[in-house]
Amino acid sequence: MEFDKKILMNNISYLLKRKNKRIGDLESEIGVSKGYISRINKKSNGVAAGIDIVYKIAQALEVSVDVLISVDLQIVDDKEIYLLNLLKSFQKKTENREIFWNKHEPRSIASMLAGKEYTNIPMLHTHPDDRNERFDDYEYISRKIYVSSFLGTGLDLGDDNNRVGPWFTLEIDDLNTVYLTDVMKYSHKGESSEVLEMYIYTSEYYEEYDEDGSGSSGYTHSLVPLCCSAKMGENIDAAMTALYKTVCNHQNDIHIPVNLKEVLDKFMKS
């Protein structure tokens with residue numbers, strides 16, 4: 001496995017210091033001899049940092065392998081480390097076919113923006129000029145605009161399929177959905193650049209009842225912005241780009257729904 005040993009060793013030292021641990025504690029935890037990790041950084045000593053050792057180190061230090069060997073953690077904050085771990089986890093689980101993303105085609109997104117197709121995508125909002133909807137037009141729903149929590153409304157999606165998408169949706173569970181969007185931002189000079197954004201749309205059950213039994217219950221919904229490739233530095237940009245490419249490449253994976261798999265498992269065992 002080829003990587004920069006200096007980054008690996010610097011990250012190990014940094015994370016051990018944060019956890020108030022010594023390198024000997026780490027070596028004992030991952031089951032290697034004393035001094036093994038220190039010898040990894042030396043040349044021509046016969047000690048190699050194999051993927052199995054790096055994986056054990058990453059697990060012990062609570063960081064992903066990719067982050068441990070490629071990101072200088074001394075110059076990033078806790079929030080960025082957390083997001084990098086999250087993005088790498090999404091990527092790894094996608095590669096291993098543990099999770100599956102639903103795809104929103106550019107043509108469908110353009111139709112939503114034009115008001116020709118219904119949408120419940122939370123980043124799309126009714127255009128200010130269309131608050132008084134025209135119910136006399138059967139095909140007219142309402143034009144939409146993409147509202148970015150990171151860049152405001154400074155995103156020109158338009159109806160051009162080349163300017164947007166595809167977008168992807170991941171249902172973590174019944175109450176939480178992740179959105180990964182690909183949009184185009186335009187500068188005042190007319191130059192365009194790809195912008196990847198990630199949100200989580202979360203629901204929380206509530207009950208509000210008085211002593212007399214009056215009140216209500218239901219769900220509250222909120223949109224939480226997680227990260228943006230254009231706003232959070234090159235580490236997040238690289239991680240989001242790698243994740244997006246992985247999700248695109250795995251769209252043709254065979255996905256058997258859980259409920260159907262249970263039926264098929266039962267059939268095979270019968």
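**Figure 1. A nonpolar patch on the surface.** Ile254, Ile256, Leu260, Val263, Leu264, Phe267 and Met268 come together as a nonpolar surface patch, with about 760 Å² of accessible area between them. Patch members have over 30% relative accessible area and no salt bridge, with nonpolar side chains (Val, Leu, Ile, Met, Phe, Trp, Tyr) joined within 5 Å and like charges within 9 Å. Areas come from the Shrake-Rupley method with a 1.4 Å probe, and for residues only the protein chains shown count as cover. Methionine 268 sits in helix α9 (residues 258-269) and is exposed at 61% relative accessibility. Here, exposed means over 50% relative accessible area, buried under 20%, and partly exposed in between (1.4 Å probe, protein chains only). A word on what you are looking at: this is a predicted model, in which local features need pLDDT of at least 70 and side-chain atom pairs count only at pLDDT 80 or more, while totals for chains, interfaces and linings use all residues. Residues are numbered from 1 along each chain as its sequence is written, and side-chain values use heavy atoms, leaving out hydrogens and water.

**Figure 2. The whole protein, for orientation.** The protein has 9 helices and 7 strands; these are DSSP runs numbered from the N terminus, helices being H or I with at least four residues and strands E with at least two. Of its 270 residues, 39% are buried. Taking contacts (heavy atoms within 4.5 Å) between residues at least 6 apart in sequence, 56% join residues at least 24 apart.

Figure 3. Helix α7 (residues 106-113) is largely enclosed by the rest of the structure, because 7 of its 8 residues are buried. After α7 comes glycine 115, with a positive phi near 85°.

**Figure 4. Two aromatic pairs.** The structure contains 5 aromatic pairs, among them the edge-to-face pair of phenylalanine 90 and tryptophan 101, with 5.7 Å centre to centre and 70° between the planes. Rings of Phe, Tyr and Trp (its six-membered ring) pair if their centres lie within 6.5 Å; planes over 60 degrees apart are edge-to-face, under 30 stacked, and the rest tilted. Phenylalanine 90 belongs to helix α6 (residues 78-95) and tryptophan 101 to the loop between α6 and β1 (102-104), so their pairing ties together parts 11 residues apart in sequence. Phenylalanine 90 is buried at 9% relative accessible area, and tryptophan 101 is buried at 6%. Tyrosine 205 and tyrosine 219 also pair edge-to-face, at 5.2 Å centre to centre and 65° between the planes. Tyrosine 205 is partly exposed at 42%, as is tyrosine 219 at 45%.

Figure 5. Lysine 92 is partly exposed at 42% relative accessibility, and glutamate 95 is partly exposed at 29%. Glutamate 98 and lysine 93 form another salt bridge, at 3.5 Å from N to O.

Conventions: A salt bridge is a side-chain nitrogen of Lys or Arg within 4 Å of a carboxyl oxygen of Asp or Glu.
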